[in-house]
Amino acid sequence: MMNGNAVSSASSKGRIPEVEIITNRSQTWRDGSLEPSDDSPNGGVRLRKNPPRSARPSGANETLHTLPTIPDPQTEEDDSALDTSSIKQDDTFPSHPPPPAPSTQTGTGDKPVVTRKRRSSSVKRKPSPGVTPTKAVDWEIPRKTLHSSIGFLTLFLYYMNPPSLKPLITVLSSALLSVTITDFFRLRFPVFAEIWESYLGFLMRESERNKINGVVWYLVGVIWVLGLYPRDVAVVSILTLSWSDTTASTIGRLWGKYTKPLPANVPGVKALKFAPRKSLAGFLAASVTGFLIGITFWWNGSGGRWIVLDVEDWGHGYWGLWVTAGVVGVGGAVVEALDLGVDDNLTLPILSGALIWAWLAVTNFLLK
């Protein structure tokens with residue numbers, strides 16, 4: 001039993017001594033006290049042999065402060081009986097939990113953020129801090145395969161020699177409209193984006209996740225050159241987009257770290273800036289690829305359309321073919337490396353085709 005001093009001290013401080021209710025009569029008390037019987041004065045309730053420290057006389061320790069007592073949760077029936085006026089609220093024990101940090105919130109307003117699942121070799125999740133990725137370079141094989149296949153399709157259609165390109169342009173324009181509408185829904189509705197990217201996300205880059213898909217710009221550039229440029233110039237510009245851009249990206253990722261980056265701008269033209277990520281290896285790869293495209297495509301001449309491709313230089317072969325191939329290669333490589341703030345799928349065929357057409361038109365005028 002508790003001594004009288006302890007009980008009186010606890011009563012004077014307004015505290016109730018801690019009690020324990022016997023729920024198992026076969027229980028053995030750790031403090032060695034006897035198990036009370038049913039006819040005990042306390043009716044089956046045993047007071048602790050040693051009262052809690054808060055109920056003992058403090059003596060010289062009365063100046064010590066204790067943490068405020070937090071009441072047990074009450075039911076709705078007991079809410080009226082709970083008196084919280086004596087509980088001091090402070091920063092240590094706020095009445096309500098703080099709101100979650102912005103980084104842990106799952107959404108904004110009524111629109112929760114949807115986690116998108118992707119099956120993609122291009123769109124990837126960033127590794128956790130301190131984790132070294134097992135594959136440092138993403139080669140974008142599916143994307144590059146589709147990119148390059150457009151060139152072979154273009155050659156096939158060119159050698160079929162259709163009397164008009166209007167049907168082809170109509171088909172490409174319909175495809176452009178479909179892709180644009182799909183991209184609108186992808187950017188506007190997260191649920192649709194999740195479904196779309198689960199099937200076609202492997203053709204996208206991470207940078208295209210929240211902006212217009214590169215396929216849209218690709219189709220716009222192809223339709224532009226097919227509708228406005230001479231047929232052979234249009235085909236060469238599309239081949240430059242399809243093959244030179246692919247080799248520049250692949251070789252740049254493979255060997256770009258061993259070569260110097262390109263200068264900040266085109267030599268002598270400060271207004272034309274190169275993209276900072278471009279390397280000399282990628283530039284040379286694009287130049288060689290474009291040169292081979294020009295040599296191969298116009299190897300048999302232009303059929304009298306362009307004088308520089310058909311004239312023979314005084315016993316030194318078709319010099320015009322080699323120079324034109326150089327224009328195709330270097331011009332395409334320069335355009336591919338420029339940082340114009342627009343997707344290069346749009347600028348590469350339009351600007352490289354414009355350079356080639358200008359070269360052929362000027363030489364036609366000078367060599368007449």
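User: In which sense do strand β5 and strand β6 pair?

Analyst: Before we start, this is a predicted model, so local features need pLDDT of at least 70 and side-chain atom pairs count only at pLDDT 80 or more, while totals for chains, interfaces and linings use all residues. Residues are numbered from 1 along each chain as its sequence is written, and side-chain values use heavy atoms, with hydrogens and water left out. Helices (H or I, at least four residues) and strands (E, at least two) are DSSP runs numbered from the N terminus, and two strands pair if DSSP finds at least two bridges between them. Look at residues 265-266 for β5 and 269-273 for β6: two bridges link them, and the sense is antiparallel.

User: Which residue in the turn of that hairpin has a positive phi?

Analyst: Valine 266 stands opposite valine 269 in β6. Two residues sit between β5 and β6 in the hairpin, and the one in the turn with a positive phi, about 85 degrees, is glycine 268.

User: Is lysine 273 exposed, partly exposed or buried?

Analyst: Lysine 273 belongs to strand β6, and leaving out residues up to four places away in sequence, it touches Ala264, Asn265, Leu338 and Asp339 (contact means heavy atoms within 4.5 Å). Buried means under 20% relative accessible area, exposed means over 50%, and partly exposed is in between, using a 1.4 Å probe and protein chains only. Lysine 273 has 48% relative accessibility, so the label is partly exposed.

User: At roughly what angle do the axes of helix α3 and helix α4 cross?

Analyst: Two packed helices are described by the angle between their axes and the distance between the axes. Axes here are lines fitted to C-alpha atoms, for helices over the stretch in contact, with angles running from 0 to 180 degrees between N-to-C directions. The axes of α3 (residues 166-188) and α4 (residues 190-200) come within 6 Å, and they cross at roughly 120 degrees.

User: What word describes α3 relative to α4?

Analyst: Angles under 35 degrees count as roughly parallel, over 145 as roughly antiparallel, 65 to 115 as roughly perpendicular, and the rest as oblique. The crossing is roughly 120 degrees, so α3 relative to α4 is oblique.

User: How many residues of the contact of α3 with α4 are charged?

Analyst: On the α3 side, the contact uses Thr182, Phe185, Arg186 and Arg188, and on the α4 side Pro190, Phe192, Ala193, Trp196 and Glu197. Ala, Val, Leu, Ile, Met, Phe, Trp, Tyr, Cys and Pro count as nonpolar, Asp, Glu, Lys and Arg as charged, and the others, Gly among them, as polar. That sorts the contact residues into five nonpolar and one polar, and the charged ones number three.

User: How far apart are the C-alpha atoms of threonine 182 and tryptophan 196?

Analyst: Threonine 182 is in helix α3 and touches Phe192 and Trp196, not counting residues up to four places away in sequence. Along the chain, threonine 182 and tryptophan 196 are 14 residues apart, but their C-alpha atoms are separated by 8.8 Å.

User: Is asparagine 161 exposed or buried?

Analyst: Asparagine 161 sits in the loop between α2 (141-159) and α3, and its phi is near 50 degrees, a positive value in a residue other than glycine. With a relative accessible area of 56%, asparagine 161 is exposed.
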